[in-house]
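Q: I would like a close look at a single residue and its place in the chain. Please begin with the residue itself and then widen the view.

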Amino acid sequence: MSNRLINWFKFASPQSFYPLAGRMIPWFWALAAVFGIAGLWISFFVAPTDAVQGEGYRIIFIHVPSSWMSMFIYLVMAAWAALGLALNTRLSGMMAQALAPTGALMAFISLWTGAFWGKPMWGTWWVWDARLTSELILFFLYIGFIALQAAIDDPRRADKAGAILALVGVVNVPIIYFSVKWWNTLHQGASVSIAKSPSMAQTMLWGMLIMALAFWMYSIAVALMRVRAIILERETHTEWVKELSEVKQ
Amino acid sequence: MSWNSPAEFFAMGGYGLYVWGSFIVCGAIMVMEPMLAKKRQKDILRALRRERIADEIEKGTL
């Protein structure tokens, strides 16, 4: 057996992931801060005024990154849940549980900023449009996942139930993504797509992408902080937790 | 740069309520969430330390 394989699986145990996560957190916070400051600078001082929406369009710089992250975190969460279900690894369920609140907050930011953008541009805070409704369902899926896990005392059983909910809910992510194509919606089409060049000014696009990176690094940092707490909560009665220097002091 | 004065910046071309209403709520969430995660870590560590002390008292090693 090669060394690489062994080293890789080493970090799948909570015991070795706990200190590794602790070492990674400051780096992700630093990256989040650098991208965040650069992104905000571009959002407010570099990106030009929009010809149609004036300064109101600047909401895009948090609306799009939070929407992307809400969907992406859900996919990552479901992937961890599936891994836990298939391989019965302890860390997987903890990762899924750590990601859910961050994903829920991203979905909330997406809906909130969407409402604050919709009001001046469409004249309404909310419409039952396909994109908005499917994003709201995503928010409820996160809440449902958190509530279901909280309702089951045995964490291993909670992981299994949550994993099934998360996997069934995955079908909603492509529905959100393609909703603007499949239905005739009030929400505009994708500003950025892989197939064609983006339909927006270069500086606006860069601002949005850098803000998306900031949101991404933030999500990793905060999820790692949460997973460390979850590891300690679930491994309370193990020897390695009792031997930790932060417990012994 | 599209701003000539701080007042103009805060007015956001008449969209101030909507732009700041979005950014401030987003920022508040991103300050609050890590604080809650940090508190969760602090709480479990405190419980673990307390448990360790209880164990040592029981064993008579403290």
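Is His63(A) buried or exposed, and why?

A: In this predicted model, His63(A) is buried, because 23 C-beta neighbours lie inside 10 Å, and a residue with 20 or more other C-beta atoms within that distance is classed as buried. His63(A) belongs to helix H3 of chain A, which covers residues 60-87.

The surroundings of His63(A) can be described by its contacts. Once the neighbours within four places in sequence are left aside, His63(A) is in contact with Ser110(A), Thr113(A), Gly114(A) and Trp117(A).

The view may now be widened to the chain. Chain A contains ten helices and zero strands. Of its 249 residues, 40% are buried. Among the contacts in chain A with a separation of 6 or more, 77% join residues 24 or more positions apart. Along the principal axes, the C-alpha atoms of chain A fill a box of roughly 65 × 40 × 35 Å.

Chain A also meets a partner. The contact takes 31 residues from chain A and 25 residues from chain B. On the side of chain B that touches chain A, 15 residues are nonpolar, five are polar and five are charged.

As to confidence, the model scores ipTM 0.92 and pTM 0.92. Chain B averages a pLDDT of 92, and 97% of its residues score at least 70.

Technical notes. Residues are numbered from 1 along each chain as its sequence is written. Chains are lettered from A and ligands numbered from 1 in the order in which they are written. This is a predicted model: local features need pLDDT of at least 70, side-chain atom pairs count only at pLDDT 80 or more; totals for chains, interfaces and linings use all residues. pLDDT is the predictor's confidence in each residue, from 0 to 100. Helices (H or I, at least four residues) and strands (E, at least two) are DSSP runs, numbered from the N terminus. A residue is buried if 20 or more other C-beta atoms lie within 10 Å of its own, exposed if 12 or fewer, and partly exposed in between; C-beta atoms are placed from the backbone. Two residues are in contact if their C-beta atoms, placed from the backbone, lie within 7 Å. Ala, Val, Leu, Ile, Met, Phe, Trp, Tyr, Cys and Pro count as nonpolar, Asp, Glu, Lys and Arg as charged, and the others, Gly among them, as polar.
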